[in-house]
Amino acid sequence: MQSNTIPSSSAAWREYFESNAHSASAIPWERGADLDRQARAAVARSIQEFQRGESSEGKHLYHYAEHYANATGDHDYLYALRLFIAEEHRHARDLARFLRLNGIPLITRTVADSVFRKLRNLFRSLEVSIAVLVTAEIFAQVYYAALQHATASTVLQRLCGRILEDEERHVQFQTWQLSRMRARRPGMARVLARWLQRILFMGTCLVVWSGHRRALRAGGHTFTSFWDAAWSQFRLAFPSSSGRAAGAMVRGGTHEKQLAAGTVSRGEWI
Ligand SMILES: [Fe+2]
Ligand SMILES: [Fe+2]
């Protein structure tokens, strides 16, 4: 059973990912192909696309993080990030296993995935790469929660449950790192970053609905409920901001202490 406390240092994140790698809940693979024809028609293409998205090598992200670690001396962050990428690859492997089990082929390319990969590397910066990545992570939370209810497949339900446990921490890990980087920026830059994050999120909302509406509808969503669920997750990831105070505290070196003491939420640093 994992602690509810959100890790508040790179070393703590590293420990979290190390322990999570050994605590994967069991997926009942022995049940075999348990996706019926109607459900398969509703979710197959959509799962293929998410499987492709989860399989990103993270090469560029890791490269940017390497620069960051060398500049800051925070090598635990780099290690934690490597474990995070490995966790995404586990999701990709498990989704691939589910697809193969049900006789659904894997795909190697999707338009949305290519666009996201390009966006992540647009400015060759760790901050931008994470800002784009966390958008996908937030949508993963909404998507897998819907997919969990979209079919009667026990294997898929358990698989979604397992992925959801991980994705919640992924969002926290990425927003935590974003907040550390953004808190050092001037107020106007933080305001601009916040608005760009929202605009990207809004656009992604439309793209995800348009590409996955059949699976999302099978999971009980209408466009409105999907939109609401997505923005609720966004607000959890990026709660209200108090940038000036954040900057001051970081400059005073109390960032980690404040987070550790629970006197400030991660989002307040965004
Ligand atoms: Fe994932
Ligand atoms: Fe993730």
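Me: Which way does helix 1 pass helix 4, in terms of the handedness of the crossing?
Reply: The crossing of helix 1 with helix 4 is left-handed (the near helix is turned anticlockwise from the far one by less than a right angle; clockwise would be right-handed). This is a predicted model, in which local features need pLDDT of at least 70 and side-chain atom pairs count only at pLDDT 80 or more, while totals for chains, interfaces and linings use all residues. Residues are numbered from 1 along each chain as its sequence is written, and chains are lettered from A and ligands numbered from 1 in the order in which they are written.

Me: At what angle do helix 1 and helix 4 pack?
Reply: The angle is about 30 degrees, and the axes are 8 Å apart (lines fitted to C-alpha atoms over the stretch in contact, with angles from 0 to 180 degrees between N-to-C directions). The two helices are therefore roughly parallel, the word for angles under 35 degrees.

Me: Which residues of helix 1 and helix 4 meet?
Reply: From helix 1, they include Trp13, Arg14 and Phe17; from helix 4, Tyr77, Leu83 and Phe84 are among them. Contact requires C-beta atoms, placed from the backbone, within 7 Å.

Me: Switching topic: how many helices and strands are there in the protein chain?
Reply: There are 11 helices and 0 strands (DSSP runs of H or I, at least four residues, and of E, at least two, numbered from the N terminus).

Me: And what percentage of the residues is buried?
Reply: Of the 270 residues in the protein chain, 37% are buried; that takes 20 or more other C-beta atoms within 10 Å, whereas 12 or fewer means exposed and anything between partly exposed.

Me: How many residues does the largest nonpolar core have?
Reply: It has 53 residues, and Val134, Phe139, Tyr143, Ala146 and Leu147 have the most contacts inside it (buried Ala, Val, Leu, Ile, Met, Phe, Trp, Tyr and Cys joined through C-beta atoms within 7 Å). Helix 6 (126-148) is one of the helices that each supply at least two residues of this core, and its share, 16 residues, is the largest.

Me: What does Phe139 touch?
Reply: Leaving aside residues up to four places away in sequence, Phe139 touches Thr204, Val208 and Ala230.

Me: Last one: is Ala26 buried or exposed?
Reply: Ala26 lies in the loop between helix 1 and helix 2 and counts as exposed, because it has 8 C-beta neighbours inside 10 Å. Its C-alpha atom is 8.7 Å from that of Leu159, although the two residues are 133 apart along the chain.

Technical notes:
Two residues are in contact if their C-beta atoms, placed from the backbone, lie within 7 Å. Angles under 35 degrees count as roughly parallel, over 145 as roughly antiparallel, 65 to 115 as roughly perpendicular and the rest as oblique.
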